[in-house]
Amino acid sequence: MMSEKRLMAAPIADPETQEFWDATRDGKFLVRYCNACSAPHHYPRTICPHCGSDDTYFKEASGNGEIYSFSVMRRVPIPYAIAYVTLEGTDISMMTNIVDCDFDSLSIGQKVKLVFSESEGDGPPLPTFTPA
Amino acid sequence: MSINGKAYIAGAFEHPTRKAIDKSLAQLHAECAKGALEDAGLTKDDVDGYFCAGDAPGLGPLSLADYMGLKLRHMDSTETGGSSYLIHVAHAAEAIALGKCKVALITLCGRPRAEGMATGTAPRNYGAGTPDAAFEFPYAPTIVNMYGMCAKRHMHEFGTTSEQLAWIKVAASHHAQHNPKAMLRDVVTVEDVVNSPMISDPLHRLDCCVISDGGGALVVVAPEIARSLNRPLVKVKGAGEAPKHQMGGRVDLTYSGAAWSGPTAFEEAGVKPADIKYASIYDSFTITVLMQLEDLGFCAKGDGGKFVSDGNLISGVGKLPFNTDGGGLCNNHPANRGGMTKVIEAVRQLRGEAHPAVQVPNCDLALAHGTGGSLGTRHGSGTLILERE
């Protein structure tokens with residue numbers, strides 16, 4: 001079963017995450033890192049959820065990853081694949097959708113790459129993934 | 001300091017309704033409160049502590065104390081979704097142990113059916129101020145696809161199968177056939193479950209719980225009050241609570257917060273999983289039960305599929321009778337929050353008041369466990385160990 005385009009809800013930016021959403025409009029996908037413990041985290045916060053330091057910063061991600069888990073929501077008008085994707089070179093996984101894909105060919109561990117998807121209205125593009 | 005032996009569950013009531021078009025939400029809370037207090041042999045004027053969660057209307061304990069005419073000296077609106085009510089029992093025992101109240105009332109009610117809520121298949125919006133909202137809501141996480149991801153990962157890591165998960169529904173249906181109020185009373189087979197429509201891989205329709213209106217209430221009292229009442233003594237012996245979340249992105253969907261709340265409760269109670277005669281296990285989906293059984297220590301991590309197979313959860317057949325009222329999978333799941341009914345059936349079992357066809361003989365030690373929120377993102381876990389004296 002091939003995926004169809006599903007119009008995604010627009011994320012509502014707040015002062016803490018405005019920079020992330022401004023970057024997606026520039027075609028960049030940012031991950032938040034901590035200077036104190038060097039660890040990345042997601043979703044982005046100003047205070048590191050791992051060590052508690054407020055010395056955190058954004059860094060552009062490679063956009064590569066692999067599927068940690070996924071589920072194809074079938075009993076809705078436009079079926080879609082929700083997933084956690086583990087980001088390349090990190091131990092963190094983010095919630096996302098796998099788009100432009102054959103649902104029945106998806107598997108855990110599969111390599112995927114970043115592709116931005118439109119959001120409703122004039123919302124910022126959303127980081128999604130597609131089979132690499 | 002421990003709560004072991006500091007409080008007793010003296011009253012328990014499950015609302016008979018499954019679709020409450022003709023009742024208000026506050027009315028349901030009051031009817032459950034009345035039912036549980038009458039069960040205990042108490043009245044509302046005896047209540048000095050009140051506990052409710054996010055299902056309560058308006059300003060929670062304020063709105064409902066006003067509606068029901070309660071005079072209180074202690075209140076608690078701990079909100080951890082469907083696990084709230086197990087945690088309320090623990091908090092009530094703590095408050096009683098500290099002398100903050102002597103008769104604690106806990107209520108849960110909701111009418112998602114009457115309101116036509118798309119409980120499992122529409123993403124829930126907890127509001128723009130919710131920190132994860134922008135990073136999750138657009139991807140349409142629903143209750144069923146979040147638990148679907150847990151099941152998928154469990155299958156990947158441990159070889160768990162859909163047929164093994166189906167045994168959980170089969171066991172619940174064997175119990176529900178004896179419950180005239182259960183929404184799904186037909187006994188189903190493993191084949192029925194795996195051949196039912198796929199909702200969100202790998203969860204089929206029959207892997208999911210029912211959607212129902214209704215609710216329930218509990219009355220937790222100080223020991224001297226429990227002994228003055230003409231009811232079996234159901235002692236709160238141990239409790240544990242914990243949140244589990246995405247750990248800053250270090251997502252691990254293979255276990256739940258029961259891995260923390262369970263051992264805490266067992267330690268406080270001074271008992272082991274093998275001592276438990278009956279278990280109420282939160283059953284929003286079949287995978288929910290399987291993961292929690294592992295995390296609570298009833299079997300090793302990854303062995304849940306084998307543990308639940310071949311009727312091992314069926315009362316009178318298997319080693320661990322579970323959810324003998326039919327549970328959320330077959331009986332009811334009021335307000336989309338199954339924690340309250342988990343405690344109520346455990347109390348019935350300990351009193352010897354479960355249906356004779358499912359009553360566990362000499363049931364003197366029971367566990368009730370609840371999950372609230374979503375195993376796929378962030379959830380609360382509450383474990384209770386209860387003993388009949």
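Predicted model: local features only at pLDDT ≥ 70, side-chain atom pairs only at ≥ 80, totals over all residues.
Residues are numbered from 1 along each chain as its sequence is written, while chains are lettered from A and ligands numbered from 1 in the order in which they are written.

**Chain A overall**

- For 132 residues, a compact globule would come out with a radius of gyration near 14 Å, and chain A agrees with its 15 Å (taken over C-alpha atoms, with the rule being 2.2 Å times the number of residues to the power 0.38).
- Along the principal axes, the C-alpha atoms of chain A fill a box of roughly 45 × 35 × 25 Å.
- Of its 132 residues, 41% count as buried (20 or more other C-beta atoms within 10 Å of the residue's own; 12 or fewer is exposed, in between is partly exposed, and C-beta atoms are placed from the backbone).
- Take the contacts in chain A with a separation of 6 or more: 50% of them come from residues 24 or more positions apart (a contact means C-beta atoms, placed from the backbone, within 7 Å).

**The three-stranded sheet in chain A**

- Here you'll find an open sheet ordered S2-S1-S3, with antiparallel pairing (two strands pair if DSSP finds at least two bridges between them).
- Strands S2 (40-41) and S3 (56-60) of chain A sit at the edges with a single partner strand each, so one side of each has no neighbour in the sheet.
- S1 (residues 30-34) of chain A pairs with S2(A) over two bridges, in the antiparallel sense.
- Arg32(A) has His41(A) of S2(A) as its bridge partner.

**Strand S11 in chain B**

- S11 (residues 379-388) of chain B has nine of its 10 residues buried, so the rest of the structure largely encloses it.
- S8 (residues 234-244) of chain B pairs with S11(B) in the antiparallel sense over 10 bridges, and Val234(B) stands opposite Arg388(B).
- S10 (residues 365-373) of chain B also runs antiparallel to S11(B), with nine bridges; Ala366(B) is bridged to Leu386(B) in S11(B).
- S10(B) and S11(B) make a hairpin, with five residues between them.

**Helix packing in chain B**

- The axes of H3 (residues 84-97) and H13 (residues 339-351) of chain B come within 6 Å and cross at roughly 60° (axes are lines fitted to C-alpha atoms over the stretch in contact, and angles run from 0 to 180 degrees between N-to-C directions).
- That makes H3(B) oblique to H13(B) (under 35 degrees is roughly parallel, over 145 roughly antiparallel, 65 to 115 roughly perpendicular, and the rest oblique).
- On the H3(B) side, Ser84(B), Tyr85(B), Leu86(B) and Val89(B) meet Gly339(B), Met340(B), Lys342(B) and Val343(B) of H13(B).
- The residues of this contact are five nonpolar, two polar and one charged (Ala, Val, Leu, Ile, Met, Phe, Trp, Tyr, Cys and Pro are nonpolar; Asp, Glu, Lys and Arg are charged; the others, Gly among them, are polar).

**Where chains A and B meet**

- The contact takes 34 residues from chain A and 30 residues from chain B.
- On the chain B side, H4 (133-136), H5 (143-158) and S5 (198-200) each supply at least two residues.
- H5(B) gives the most to that side, with six residues.
- By class, the chain B side splits into 16 nonpolar, eight polar and six charged residues.

Methods
Contact = placed C-beta atoms within 7 Å. Helix = DSSP H or I, 4+ residues; strand = E, 2+ residues; numbered from the N terminus.
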